[in-house]
Every structure is written in C-alpha cells, then in structure tokens.
Amino acid sequence: MNKYDHIDAVYKRKVDYHKGYFSLDRSPFLELEKEGFDVNENLLLKELIHQELISFIELTIKDLPVKEKERILKKYVQCKTLESIAIEENCSMPAVYYSIKIILEKIKEVLIKNGYDIND
C-alpha cells in the first residue's frame, strides 16, 4: 500500500510543479488556481464590467443618425467589407471608410466622457 501511496504523491507533486507550464494549452487561470485564488469571482466581475460596457455602446449606437447606425452595424455586426457596403449604398469606399472612422471617434468621445478607459 505504501508503494502506491508514494506513486500517487509523486504524481501529485509532479502535476502541481508543472501545472503552470501546461496553462498555455489549457485554462489561462491555472496559475491562479494553483495559488489558491478564487478565479470565478474575478471572472464574474470582469464579465459584469464587459456587459455594462457593451450595453453602453449599444445605447450610444442607438443615438446615432440612421445612416451612421446602418453603416456601423453592417461593418461590425454583419461583418461586411467596406466595398460591399459601398456597393449597397451606391457610394465610394473612401466615403464609407471616413464615415465609419467618424462614427468610431464619436463613440470613443462618449466613452471617454463617461469615464470608460478606452485602452481596455
């Protein structure tokens, strides 16, 4: 029995020792789990902040004019290219590009004004 207990203990030490090296292939939080931190609490907080930011961006997009709202939704929700948007709207690609660029700057200004860190 002692032999099998010893084999199990060696295996457990080996897994604990090398757990950090396997984290790139598996969960990115294995190092934290190994140290005893509560990962779920941190993930829930980040998810809550992320959901709040997404809902705020959605509200900001709803306040845009109709043409700008359509263009930003076509580009980022429907994943259309600038060329396909330009063909649908019968305008040039640079017009669509600059329009989307201005829309993103407006959203950025609103986020900064409301205290969000745009670098995250």
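**Notes on a predicted helical chain**

1. Of the 120 residues in the protein chain, 17% are buried, where buried means under 20% relative accessible area, exposed over 50% and partly exposed in between (1.4 Å probe, protein chains only). The model is predicted, so that local features need pLDDT of at least 70 and side-chain atom pairs count only at pLDDT 80 or more, whereas totals for chains, interfaces and linings use all residues. Residues are numbered from 1 along each chain as its sequence is written, and side-chain values use heavy atoms, with hydrogens and water left out.

2. The protein chain has six helices and zero strands, and its pattern along the sequence reads α-α-α-α-α-α; helices (H or I, at least four residues) and strands (E, at least two) are DSSP runs, numbered from the N terminus. Among contacts between residues at least 6 apart in sequence, 39% join residues at least 24 apart, contact meaning heavy atoms within 4.5 Å.

3. Helix α4, which spans residues 66–76, has Glu 68, Arg 71, Ile 72 and Lys 74 as its buried residues. These cover an arc of only 160° around the axis, and therefore lie on the same side of α4; the arc is that of the directions from the helix axis to the C-beta atoms. As background, an α-helix has 3.6 residues a turn, so residues three or four places apart point the same way.

4. How do α4 and α5 pack, in angle and in distance between their axes? Helix α5 covers residues 82–89, and the two pack at an angle of about 140° with their axes 10 Å apart, the axes being lines fitted to C-alpha atoms, for helices over the stretch in contact, and the angles running from 0 to 180 degrees between N-to-C directions. That angle makes α4 oblique to α5, given that angles under 35 degrees count as roughly parallel, over 145 as roughly antiparallel, 65 to 115 as roughly perpendicular and the rest as oblique.

5. On the α4 side, the contact with α5 is made by Lys 67, Arg 71, Lys 74 and Lys 75, and on the α5 side by Leu 82, Ile 85, Glu 88 and Glu 89. These residues divide into two nonpolar, no polar and six charged, where Ala, Val, Leu, Ile, Met, Phe, Trp, Tyr, Cys and Pro count as nonpolar, Asp, Glu, Lys and Arg as charged, and the others, Gly among them, as polar.

6. Glu 89, found in helix α5, counts as buried because its relative accessibility is 14%. Leaving aside neighbours within four places in sequence, Glu 89 is in contact with Lys 67, Arg 71 and Lys 74.

7. The axes of α4 and α6 come within 10 Å and cross at roughly 95°, which means that α4 is roughly perpendicular to α6. From α4 the contact draws on Glu 68, Arg 71, Ile 72, Lys 75 and Tyr 76, and from α6 on Ala 95, Val 96, Ser 99, Ile 100, Ile 103, Leu 104 and Lys 106. The residues of this contact divide into seven nonpolar, one polar and four charged.

8. Cys 79, in the loop between α4 and α5, has a positive phi of about 60° although it is not a glycine, and Cys 79 is exposed, with a relative accessible area of 62%.
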